[in-house]
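Morning, everyone. Please bring up the model on your screens, and we will walk through it together.

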Amino acid sequence: MIILSIESSCDETSVAIVKEREVLSNIVATQIAEHRIYGGVVPEIASRRHTEAISAVCDEAIKTAGITYEDIDAIAVTFAPGLIGALLVGVNFAKGLALSLGVPLIPVHHLRSHIAANYIDHLDLKPPFLCLLVSGGNTVIAEVTDYTSFKIIGQTTDDAAGECFDKTARCMGLEYPGGVTLDKIATKSDFVKYPLPTPKTVGEYDFSFSGLKTAVINLVHNKSQKGEEIDVPVLSATVRERVCDILIKKTLKAAEDLGYKKIVLAGGVSANSELRSRMENECKENGLELYFPPLKYCGDNAAMVGVQGYYEYLSGNISDSSLNALATLDINYR
Ligand code: KG4
């Protein structure tokens, strides 16, 4: 089955051609350079750029895969959650394409597709497993009981881990996207020295990152008011270590309590070098299997949408042309 998949939930316009778990093409047009001057994604600009890019990105995906539009069996599209104006571009393009080709339209939840990014290169991976899903807008520990069945056992009560990285990076003057830059700069420091709080949560597997984010912002402002310099690599390493401590500790505790032997990382923050390497070591020591996506599938891309779309199709999740985009939606929607 050949699926053409579309992703436009934030600042990447992406179209892919997938055959079950195999990626025939995956074209990503990123808007990062344009949003960089504002220090974050400007939703209105994102929607306009998706509109301008989507037809050409789609043609390129078809061409790169070496197929024609007549070869496509279904269209999959990210419909929720995300920036509403950005999502609408992909959803309406997908509806038009499905209608004109006379093929099924498959709605795909953005977070489900981040998890599915792992299925592309890890052909042995199948549910059930425990997933730490860390992105710019979400931090979740979920039991993935089947390809389209999820149980959230912990989540952030305020900011996502990616938000904490992005905003602390911005206050240190690091380039957008902050999480990526902070990860690179932190690697230049081999010790951590700034005192930062350890957040507390009521739920054992829940997260809280806003206090940590505020503590870093206050520290930077305080130093600057006193005319003192911040050691940016050292503070970056301190933030990275603290965030990773929290993510790793809670995930391993959940795996132990619930008896999971297989752990999967997903979402943009799963590209973090310390998170990947420390998780690898911890899992090895504890006899756990660890999976994470290759770097090219950690950020937003349509390949993961197509792969999840395949499993949604198998479970009968097909939409008609009344499909609408949604800014928020639970991962376990029905
Ligand atoms: O999953 P994603 O591409 O978009 C959302 O769906 O949110 O995640 C984007 C987030 C941003 O916060 C970005 O700074 C963060 O992932 N990120 C990283 C790294 N690469 C991307 N955070 C820490 N270290 C990285 N290497």
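One term before we start. Buried means under 20% relative accessible area, exposed means over 50%, and partly exposed is in between. Now apply that to D245. Its relative accessibility is 28%, so D245 counts as partly exposed. Keep in mind that this is a predicted model.

Let's stay with D245 and look at its partner. The side chains of D245 and R278 form a salt bridge, at 2.6 Å from N to O. Where do the two residues sit? D245 is in helix α8, R278 is in helix α9 (residues 273-285), and they are 33 residues apart, so this pair links distant parts of the chain. R278 has a relative accessibility of 23%, so R278 is partly exposed as well. And the pair is not alone. Salt bridges with shared partners connect D183, R240, D245, E274 and R278 into one network.

Next, another pair from that network. D183 and R240 meet through their side chains in a salt bridge, again 2.6 Å from N to O. This pair also links distant parts of the chain: D183 belongs to helix α6 (residues 178-186) and R240 to helix α8 (residues 232-258), 57 residues apart. Buried or exposed? Both D183 and R240 are buried.

One more salt bridge. K151 pairs with E143, with 4.0 Å between N and O. E143 has 11% relative accessibility, so E143 counts as buried. How many salt bridges does the count come to? It comes to 16.

Now the cysteines. A disulfide is a covalent bond between the sulfur atoms of two cysteines. How many disulfides are counted here? The count comes to 0. Take C164 and ask why. Its closest cysteine sulfur is in C171, 9.8 Å away, and that is too far for a bond. The cut-off is 2.5 Å. C164 has 0% relative accessibility, so C164 is buried. What about C244? C244 is in no disulfide either, and its nearest cysteine sulfur, the one in C164, is 11 Å away. C244 is at 1% relative accessibility, so C244 counts as buried too.

Let's turn to helix packing. Helix α4 (residues 110-121) packs against helix α10 (residues 302-314) at an angle of about 100°, and their axes are 7 Å apart. That angle makes α4 roughly perpendicular to α10. Which residues touch? From α4, the contact includes H110, R112, A116 and Y119. From α10, M304, V307, Q308 and Y311 are among them. The residues of this contact divide into 9 nonpolar, 4 polar and 2 charged.

Last topic: the backbone. Most residues other than glycine have a negative phi, and most peptide bonds are trans. Watch for exceptions. A80 and P81 are joined by a cis peptide bond, with omega about -20°. P81 is in the loop between β4 (74-80) and α3 (84-101). P127 and P128 are also joined by a cis peptide bond, here with omega about 10°. P128 sits in the loop between α4 and β6 (129-134).

Then there is E20. E20 is not a glycine, yet its phi is positive, about 55°. Find E20 in the loop between β2 (12-19) and β3 (22-30). At 33% relative accessibility, E20 counts as partly exposed.

That's my tour. Questions, please.

Note on methods: Residues numbered from 1 in each chain as written. Predicted model: local features only at pLDDT ≥ 70, side-chain atom pairs only at ≥ 80, totals over all residues. Heavy atoms only, no water. Axes fitted to C-alpha atoms, helices over the stretch in contact; angles between N-to-C directions. Helix = DSSP H or I, 4+ residues; strand = E, 2+ residues; numbered from the N terminus. Parallel < 35°, antiparallel > 145°, perpendicular 65-115°, else oblique. Contact = heavy atoms within 4.5 Å. Nonpolar A, V, L, I, M, F, W, Y, C, P; charged D, E, K, R; others polar. Buried < 20%, exposed > 50% of the residue type's maximum accessible area, 1.4 Å probe, protein only.
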